[in-house]
Amino acid sequence: MPDVISFQAAIEATKGEDRALLIGNGFSAQYFNYTDLLAKSGLEPGTPIRNVFEILETVDFEAVVRSIEDAAIVERAYGNDAHSDELEADAQKVREALVSAINDTHPMHREDLEYESSSAFLGHFQEVFTLNYDLLLYWVNLEKGLLNDGFGLGGVIDSGRFRGPFKPDAHCHIYNLHGGLHLFQTRTGEVFKALHTGDGVVATITHSIAVKKRLPLYVAEGTSKAKVRKINSNSYLRHCIDKLRENSASIFIFGHSADPNDAHIYHAIFGSKAKHVYFGIFQPNADKIKAVDAELAKYKKLGGDDVPYSFFDSETSHVWDGPPEGEADAG
């Protein structure tokens with residue numbers, strides 16, 4: 001059975017090298033419930049609106065809103081004004097349901113987080129790739145100013161309290177592989193980020209959804225194939241995964257289970273020039289190690305066997321509850 005080392009041992013093994021980080025839901029579990037937003041939306045199974053989600057085989061609120069609004073246009077063209085009005089009202093219900101789900105599952109203000117340990121953890125890495133669409137990484141980076149996100153060359157859109165658009169030629173070290181609740185796109189595909197204001201970024205997001213009728217850009221599909229379709233539909237998301245494929249540094253994976261639903265991510269990692277993969281396992285035991293080892297070995301072989309991997313105990317990272325082990329006395 002492969003050995004499992006501490007996080008600090010993995011950091012020591014890469015001393016003097018560039019490091020990249022990939023984070024999954026486990027990074028946010030202490031603050032954000034990653035139960036499907038659709039399940040928290042209040043949209044009851046069996047209703048026409050939920051049936052649209054089922055028929056489209058999606059959990060993408062934007063796709064459902066777009067389909068319902070398209071249907072409303074067709075109904076109005078055929079003289080069915082009453083049904084068209086009903087469909088437009090249902091589209092707004094979908095927007096408001098997403099607002100409800102966000103407010104039910106997400107911390108409201110960045111002051112609710114503990115930043116010293118999380119910033120110490122993130123400070124080990126020169127690039128961060130995230131599969132999460134919550135705001136925790138955004139908030140930590142905003143509080144500590146650790147890394148650039150590629151929106152720095154864009155102007156501030158005062159009326160909507162957004163900055164952007166994202167520019168590939170800007171300094172960028174954070175890549176939202178699956179989008180984020182703070183990211184919005186225009187009809188032409190340009191991506192903007194919501195700004196923290198006096199009312200908080202969550203308030204900006206909920207106002208944009210409910211009043212401005214804009215929906216966030218995030219990937220929440222249930223299969224890797226469906227996620228790839230969504231990623232390929234947007235130039236920002238394509239840019240992010242391209243950067244993962246181009247990574248040549250050792251990459252640490254924290255808070256993810258190598259789930260087959262994210263196979264596209266592991267194909268990108270093991271098809272890259274990454275020097276080494278350090279995979280974090282939460283409370284490692286023989287069964288967990290064996291299962292993850294089998295998954296990673298599969299991707300390694302498909303990638304050409306060029307990228308080695310090993311395991312570390314993710315709890316020794318102490319992302320939210322103190323500095324990583326071995327750093328408490330390091331000053």
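Helices and strands here are DSSP runs, numbered from the N terminus. With that in hand, welcome to a tour of a predicted model.

**Helix 3 from end to end**
- Just after the helix comes Gly-79, whose phi is positive, at about 85 degrees.

**The buried side of the story**
- Which residues of helix 3 are buried? They are Phe-61, Ala-63, Val-64, Val-65, Ile-68, Ala-72 and Glu-75.
- The partners that the buried residues of helix 3 pack against are helix 2 (48-56), helix 4 (81-105) and strand 9 (216-218).

- A general point first: in soluble globular proteins, nonpolar side chains tend to be buried together.
- In this model the largest nonpolar core holds 60 residues, and Phe-61 is among those with the most contacts inside it, along with Leu-21, Phe-27, Phe-121, Ile-205 and Phe-252.
- Helix 4 gives the most to this core, contributing eight residues.
- Another core, of 39 residues, lies apart from it and includes Leu-217, Ile-241, Ile-253 and Ala-274.
- What does Phe-27 touch, leaving aside neighbours within four places in sequence? Its contacts are Phe-121, Leu-122, Asn-132, Leu-136, Leu-137, Phe-254, Gly-255, Val-319 and Trp-320.

**Backbone angles to look for**
- As background, most residues other than glycine have a negative phi, and most peptide bonds are trans.
- Glu-57 has a positive phi, near 55 degrees, without being a glycine.
- You can find Glu-57 in the loop between helix 2 and helix 3.
- Is Glu-57 buried or exposed? Its relative accessibility is 71%, so Glu-57 counts as exposed, the cut-off being over 50%.
- Lys-213 is also not a glycine, and its phi is positive too, near 60 degrees.
- Lys-213 sits in the loop that runs between helix 7 (201-210) and strand 9.
- Gly-164 and Pro-165 are joined by a cis peptide bond, with omega about 5 degrees.
- Pro-165 belongs to the loop between strand 5 (162-164) and strand 6 (174-176).

Terms used
Residues numbered from 1 in each chain as written. Predicted model: local features only at pLDDT ≥ 70, side-chain atom pairs only at ≥ 80, totals over all residues. Heavy atoms only, no water. Buried < 20%, exposed > 50% of the residue type's maximum accessible area, 1.4 Å probe, protein only. Helix = DSSP H or I, 4+ residues; strand = E, 2+ residues; numbered from the N terminus. Contact = heavy atoms within 4.5 Å. Core = buried A, V, L, I, M, F, W, Y, C linked by side-chain atoms within 4.5 Å.
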